[in-house]
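Subject: Structure for you to look at

Hi,

Here is the structure I promised. Please open it and keep it beside you as you read. My notes follow below.

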Amino acid sequence: MLHEVLLIALKDLRVEWRSKVTLGQVAPMGLLVLVVFAFAFDANTRLLELGAGGLFWVAVLFGGTLLIQRAFEVETDDGNFDAFRMSTIRAPSLFLGKSLGIFIQVVLLELVLGPGIVLLYNVRIDDWLLLLAAALGGTLAFSVCGVLWGVMAAGTRVRATLLPLLLVPILAPVLLAGSRAFETAFGVRAEAGWTWASLMFVIAAVHAAVGMGTFGFLLEES
Amino acid sequence: MSPARGNKYMTASPATRVLGVVAVAAALLMALLGLIVSPADVVQGQAVRMLYLHVPSIWIAYGAFVLTAVSSALFLIRSRRREDSGRHHDRLAGAAAEVGVVFAGITLVTGMLWGRVTWGTYWQWDARLTTTVLLFVTYLGYLALRRLPADPMIRGRRSAVMALISIINVPIVHFSVDWWRTLHQKASLSVGRRPEITGEMYWTLLYSTLAVTIVASWLIVHRYRVIRLEELRDEEALNALIASRLREDE
Amino acid sequence: MSTVVDFQKVVAVAGGFPVLAGLDIEITKGEIVHLRGSNGVGKTSFLRACAGLLQIQNGDATVLGFDLRDDRIAPRRYIGLLGHENHLYKDLWVREHLEFRAAAVGADQHDVEAALQRIGVSERLWAVPIERLSAGQRRRVAIASVLVGRPQLWLLDEPHAALDREGREVLDEILIDAASSGATVVLASHERDLSKSVTSRVVTLRGGRLWEDSGAA
Amino acid sequence: MSEVATVATGWGVTFVIVTTYALWVVGRGKAIGRELGIGEQEELDLGSDSSTSANS
């Protein structure tokens, strides 16, 4: 099982390594989003500082959605899903492997966006541990939800427009929790950051369980 | 005539005709009770009459989504069977979700209008309204997924999985939004101004819930039949195609 | 001689169209079957149904002893499918791609190089992104991906498309070898006189049904 | 907006939404039923069914 998961994840990362879509295209786009937020808030530094946590997660949502599109485009492009169906890899392994691949790519994206908000929005980090825990939980939740909806949209012709519609309402609690936890970590809000962070781990666990149970249904397209 | 055409599930049975008449009568009586007979509230005045629409419709919306989830689960369990793969569960899931979306929409409209007179704004980031709007969008997505052309069984499985995830997400969304609002905006405006629901208002609310439930059941039954008819149409087209393919050779 | 594929009055639907409309066919072990017929007669659908990728609506279908109506996933591990598409990750190098495919079907990594050499993908291309290969070379990599899995049943959809004369000859050799070592091959092609020396049987489809069968050789 | 106007709007909108949806469902059922050639047509009202009871 672990062997299969790693096989899939490494394959996806190798595809990314060769094509450099995350670092070369999605991460710069994420930075642009951060700049555009400053336009929207009329470069009000106080507002940006207060909202930095939320803006970070919105930028992750934008960029991450593109990464998910890309991760499934690689599979649908040359009929590669058929090859998966014909392989001995089991559906839960495929689900976890794809999630792991997305997880690492989203982490890369966050490594660019994180310094971005610190520099552009003048953010101070009070609680590093909470920041890292919240980032981990949020990214895990994003990855498993993303793969679950990614495969659902992948079988359809309208996947590019369908995916965000399906993904955003489900991720709303993650956005909420991630924003609040980051605000606590940045010291602009004094409340229960850790509870918000743990909520994201719960969401990740729930969706991971559902995904492992149902991925087989979703993979059988015809 | 194929035997399927005599199927009672796709034509009006006397029972649903009675249900239809009862639904219309119940709705009229509900309007009478809610708008005229029941008294105005001491605190909210006439605005309290929104209660009789708002509360029953949110109950129907949630109820319909739960029905969708249960039917979807049953469909997933049976869909691998060779005979009777549980298509009727899939149909029920689709019909219930659509009616649920209609009533979630009504909940939002009535909630916003009600908010306008009691809070002074159309939208408060009230936990229940926020949860409902997310739910509304989630199930719009579900309907979009159902509309996509695909093999019926694949589409059924795909949307069944989505229905399950969506229902699991409801408590998560509700909890997080509720917690967000209670943590950061203590003593929301509405709390002190909630009407005391007693006496005639209580009975009117209870009756309205019953009446809206009847109307919604009628809608679900008929939507179910329309889905069945659509499938029947597709099946007939397919049979004609198979027949014409068989004739090609002879 | 054991039966590998046994279809009885099989109906299968794709995109609301009956792509297989009552197909009867029986294929025994070791055969190399040439599936023929013009466009849209159900060649691809037959291959996909054999691979368990296309659901059977009606009739009975058994592949490698598995009843497809009960379980269309179990036989897949013994089947090698080459579709219209090549199933290639275009960003990966040839060698990386093949190593991944080999691992995904539980094959031996040592077979990767042998497979590439056998099909005639020259060594200088092994560290080149698939994106940069010509259509014929890609087809060869795709065939190598099937070869590496050592399937018991080969399902090949237009395998000769884009291949040059030398490539076709190599492929024919590979198929003869596979069949003589106990595998079964079904290859679809609308070309009439294709690989007469190779195929042991020619089956023609029409309108989603069996039209003509030269019979087992 | 006055309380009475709000209540009227709310009830009115709800009525319109439900009625429109019901008519759409019934109409669609009738259209497909006609396409399939089942049954006779009936008056459009909330109580009538999407198709027929002729042969049930």
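Predicted model: local features only at pLDDT ≥ 70, side-chain atom pairs only at ≥ 80, totals over all residues.

The expected span of a helix is 1.5 Å times one less than its number of residues.

**Helix H1 of chain A**

H1(A) covers residues 2-19, which is 18 residues. From its first C-alpha to its last, H1(A) reaches 26 Å, close to the 26 Å expected.

Which residues of H1(A) are buried? They are Glu4(A), Val5(A), Ile8(A), Lys11(A), Asp12(A), Val15(A) and Glu16(A). Look down the axis of H1(A): its buried residues fall within an arc of 135°, so they line one face of the helix. An α-helix has 3.6 residues a turn, so residues three or four places apart point the same way.

On the other side of H1(A), Leu2(A) and His3(A) are exposed. The buried residues pack against helices H2 (21-40), H3 (45-77) and H5 (91-120) of chain A. They also pack against helix H2 (94-104) of chain C. Just after H1(A) comes Lys20(A), with a positive phi of about 55°.

**The core**

The largest nonpolar core has 220 residues. Beyond its neighbours up to four places away in sequence, Ala144(C) touches Leu98(C), Ala115(C), Leu116(C), Ile119(C) and Val121(C).

**The chains**

Chains A and D do not touch; their nearest C-alpha atoms are 23 Å apart. No contact joins chains C and D either, and their closest C-alpha atoms lie 17 Å apart.

Best wishes

Technical notes: Residues numbered from 1 in each chain as written. Chains lettered and ligands numbered in written order. Core = buried A, V, L, I, M, F, W, Y, C linked by C-beta atoms within 7 Å. Buried ≥ 20, exposed ≤ 12 C-beta atoms within 10 Å, placed from the backbone. Contact = placed C-beta atoms within 7 Å. Helix = DSSP H or I, 4+ residues; strand = E, 2+ residues; numbered from the N terminus. Arc of directions from axis to C-beta.
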